[in-house]
Amino acid sequence: MQQQKTGTARAALGAATVMLALTVWGRGAALALAGALVGPLPALYTALDCLRGSDDPQPAGSAPADPSPDGGDAAGSAPAADPTAIERYLVPLQTDAERPADAGAVIETFYGQGSGEQYIPCAAGTIKNNTSVPAADVAAEAGQPLPFAVELNSPDPQVLIMHTHATECYRMSEGLWYPAGDGARTTDRASNMCAVGRVIADTLNAAGIHTLHDETLNDYPSYTGSYAASRAVVQQYLAQYPSIKVVVDVHRDAIEDGAGARKAPVTEIGGRKAAQVMLICGCDNGSTVSLPNWRQNLRFAAAWQSAMESAYPGLTRPVLFSYRFYNQDLTTGSLLLEVGTHGNNLNEALYAGQLAARALAGLLRGSAGG
């Protein structure tokens, strides 16, 4: 399996630069120099992993074993900079001065929680019920506790973040436009779904929830069979790390109007635009979709959405509860997370991923009694 294999020769040069400079200037200055010489830091971290000689899945970030309440170390030094501050991840976007004459249009929109028979209240959010399961049964299941509990600061992985459609990506423009012919897919892990997954995994690790992030491009070179490919990846992780309780398959949606304008679901949180997110939970239909764990997954979906919406009102679209499979039979904590659409820009998606992960960290820490 592939995990964070990006940057190749440039990353190797950066890693060598880091290792040499570390002995002279220290970590921060060394990484800054290497980044200036060869490119983005994620590639440098990848190359350093390669130099360690490990092909095993590694956590996307590390959490302090015993963080002090104020963020400083045990000796009482000044609080360290937030290792998951969103500014660390944001990328430069194209300005309107770079807009092509034939650019397509983007329309910002906001999706509320919905109302009516199809929408079932679930604490701070709602569940859109596209199944024949009675609303009362859905509501009752959504009110049940999580079917699992994570172990905080564990040496064993608790969460896996992965991507069936890893090459899905976002617009790279500040303005509400996208280049004509843009297929909204790329193999560049710095700008496709892997970039969002990296933020999610880093945030969970920083919260003391041991998380692995797989960056296999399961939809490349062939989109057909991507779910079979990702299933094999997840099964390999579960066999190697039976401690994993949660598997989140991170995607982005695609919504257009009749004229071809791309819709970007956005909300503003903390003075910054974030893409809206949506959880998808599958349901067993007794024939073509076999999901014996659907009730447990639904509890997880309801709890996570409520945690997100309580902490960051407007971040979520209703949970989509439908006859989908998405390999959600593999654990009792398997969900698909849609982060924005191809109309959102990458920075909106990165920020949304961080917020979703912070809410998930709070939920999982609560399940562990932390």
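Which residues of α6 are buried?

Analyst: The model is a predicted one. In α6, the buried residues are Ser226, Ser230, Val233, Val234, Tyr237 and Leu238. They lie on the same side of α6, because the arc they cover around the axis is only 135 degrees. Ala228 and Ala239, on the other side of α6, are exposed.

The helix itself runs over residues 226–240, 15 residues in total. From the first C-alpha of α6 to the last is 21 Å, close to the 21 Å expected at 1.5 Å a residue.

For the setting, the protein has eight helices and twelve strands. It has 370 residues, of which 52% count as buried. Contacts between residues at least 6 apart in sequence join residues at least 24 apart in 81% of cases.

A pair of aromatic rings is described by the distance of the centres and the angle of the planes. The count of such pairs comes to four. One of them joins tryptophan 294 and phenylalanine 321, with ring centres 5.5 Å apart and planes at 35 degrees, so this pair is tilted. Tryptophan 294 belongs to helix α7 (residues 294–311) and phenylalanine 321 to strand β11 (residues 319–322), so the pair ties together parts that are 27 residues apart in sequence. Tryptophan 294 and phenylalanine 321 are buried.

Another aromatic pair, phenylalanine 300 with tryptophan 304, is stacked, at 5.7 Å centre to centre and 15 degrees between the planes. Phenylalanine 300 and tryptophan 304 are four residues apart in helix α7, which means that about one helical turn separates them. Phenylalanine 300 has a relative accessible area of 0% and is buried; tryptophan 304, with 1%, is buried as well. Together with Phe148, Phe300 and Trp304 form one aromatic cluster.

Two arginines are placed over tyrosine rings. The charged end of arginine 262 sits over the ring of tyrosine 178, 3.7 Å from the ring centre. Arginine 317 lies over the face of tyrosine 111, and here the distance from the ring centre is 4.9 Å.

Cysteines complete the description. A disulfide is a covalent bond between the sulfur atoms of two cysteines. The structure holds zero disulfides. Cysteine 122 is buried, with a relative accessible area of 6%, and cysteine 169 counts as buried at 7% relative accessibility.

Definitions and conventions:
Residues are numbered from 1 along each chain as its sequence is written. This is a predicted model: local features need pLDDT of at least 70, side-chain atom pairs count only at pLDDT 80 or more; totals for chains, interfaces and linings use all residues. Side-chain values use heavy atoms; hydrogens and water are left out. Helices (H or I, at least four residues) and strands (E, at least two) are DSSP runs, numbered from the N terminus. The expected span of a helix is 1.5 Å times one less than its number of residues. Buried means under 20% relative accessible area, exposed over 50%, partly exposed in between (1.4 Å probe, protein chains only). The arc is that of the directions from the helix axis to the C-beta atoms. Rings of Phe, Tyr and Trp (its six-membered ring) pair if their centres lie within 6.5 Å; planes under 30 degrees apart count as stacked, over 60 as edge-to-face and the rest as tilted. A charge sits over a ring if NZ of Lys or CZ of Arg is within 6 Å of the ring centre and within 35 degrees of the ring normal. A disulfide is a pair of cysteine sulfur atoms within 2.5 Å. Contact means heavy atoms within 4.5 Å.
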